[in-house]
Amino acid sequence: MHRIYQRYVELLFSAEHADAFAEAMAITASELDLSCFAYLAVPQRAGKKPLVISTYPNNWVTHYVRSHYERLDPIIKRSLESTDPFQWGLDAPLRPISPAQRRFFDEASEFGIRLGFTVPIHDEDGSVAALTFAADQRRPQFEKCIDLNAPVLQLMARCFHFHVRRTLLHQLTIDGIVLSPREVECLDWAAKGKSVWETGRILGISHNTVAHYLRSARDKLGVRKVVQAAVRLAAAKRDGRD
């Protein structure tokens, strides 16, 4: 188990986009005989789409997001209310559910998502995410797997969330242009008057790497100078467009 987890952490550290995170979890979950997973970060701002990373069928994920099922999903509702991990399934509902929620579970089962183990994750800033390991198996098999590995699965979920949040959730969008977390960090320090060399020391990266991120942010925003990019970044933060 130590070898599996160590490899998992290495994959998360090297992941830079959603597909890489999905692959890291999929590889590790398969070694634990878990067929699929789904991570969902609940948007804090009304109208924004949730961040979903999963190995669920693409048609189901697209339908879920398009239908705003995070507002209906009983699993997400319970995750918002509690930090305790829990199991669920069609034959073992979390609590009395509405006809619409029953239809939701029926739809999910058509895509092979019949039972699962969910780890809610609550951050200090009030944001909430949930990571679910799901299966289309007979309950005794799935429960045995969860019982044997529950502590590790909880640790995997929290580690996954930490790296996704650090890498993906701190992206910032300015007029439809996405800046990476590193580009934002480098611009922030430039706005504070730090040189490329000083920023590199602060962030633990080379000054050449800092210069690369600053050029990339400048080019993305279509401006000639880094200071202009920093001004646009500051304005976007004030206006709450991130």
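Guide: At 36% relative accessibility, Lys 220 counts as partly exposed. Buried denotes under 20% relative accessible area and exposed over 50%, with partly exposed in between (1.4 Å probe, protein chains only). The model is predicted, so local features need pLDDT of at least 70 and side-chain atom pairs count only at pLDDT 80 or more, while totals for chains, interfaces and linings use all residues. Residues are numbered from 1 along each chain as its sequence is written, and side-chain values use heavy atoms, leaving out hydrogens and water.

Visitor: With which residue does the side chain of Lys 220 meet in a salt bridge?

Guide: Side chains of opposite charge can pair when their charged atoms come close. The criterion is a side-chain nitrogen of Lys or Arg within 4 Å of a carboxyl oxygen of Asp or Glu. Here the partner of Lys 220 is Glu 183, at 2.9 Å, N to O. Glu 183 belongs to helix 7 (residues 181-191) and Lys 220 to helix 9 (residues 207-221), so the pair ties together parts 37 residues apart in sequence. Glu 183 is buried, at a relative accessible area of 3%.

Visitor: How many salt bridges does this rule give?

Guide: The count is 7. Among them, Asp 123 and Arg 165 meet at 3.3 Å, N to O. That pair links the loop between strand 4 and strand 5 with helix 6, 42 residues apart.

Visitor: In what order do the strands form the sheet?

Guide: Helices (H or I, at least four residues) and strands (E, at least two) are DSSP runs, numbered from the N terminus; two strands pair if DSSP finds at least two bridges between them. In this model, 5 strands form an open, antiparallel sheet in the order 2-1-5-4-3. Strand 2 (51-54) and strand 3 (86-89) are the edge strands, each pairing on one side only. Strand 4 (residues 115-122) and strand 5 (residues 128-135) pair over 8 bridges, and Val 119 stands opposite Leu 131 in strand 5.

Visitor: Which residues have the most contacts inside the largest nonpolar core?

Guide: A nonpolar core is a set of buried Ala, Val, Leu, Ile, Met, Phe, Trp, Tyr and Cys residues joined through side-chain atoms within 4.5 Å. The largest has 37 residues, and those with the most contacts inside it are Leu 34, Phe 37, Tyr 39, Ile 53, Phe 133 and Phe 160. Helix 6 gives the most to this core, with 11 residues. Apart from it lies another core of 19 residues, including Ala 38 and Ile 113.
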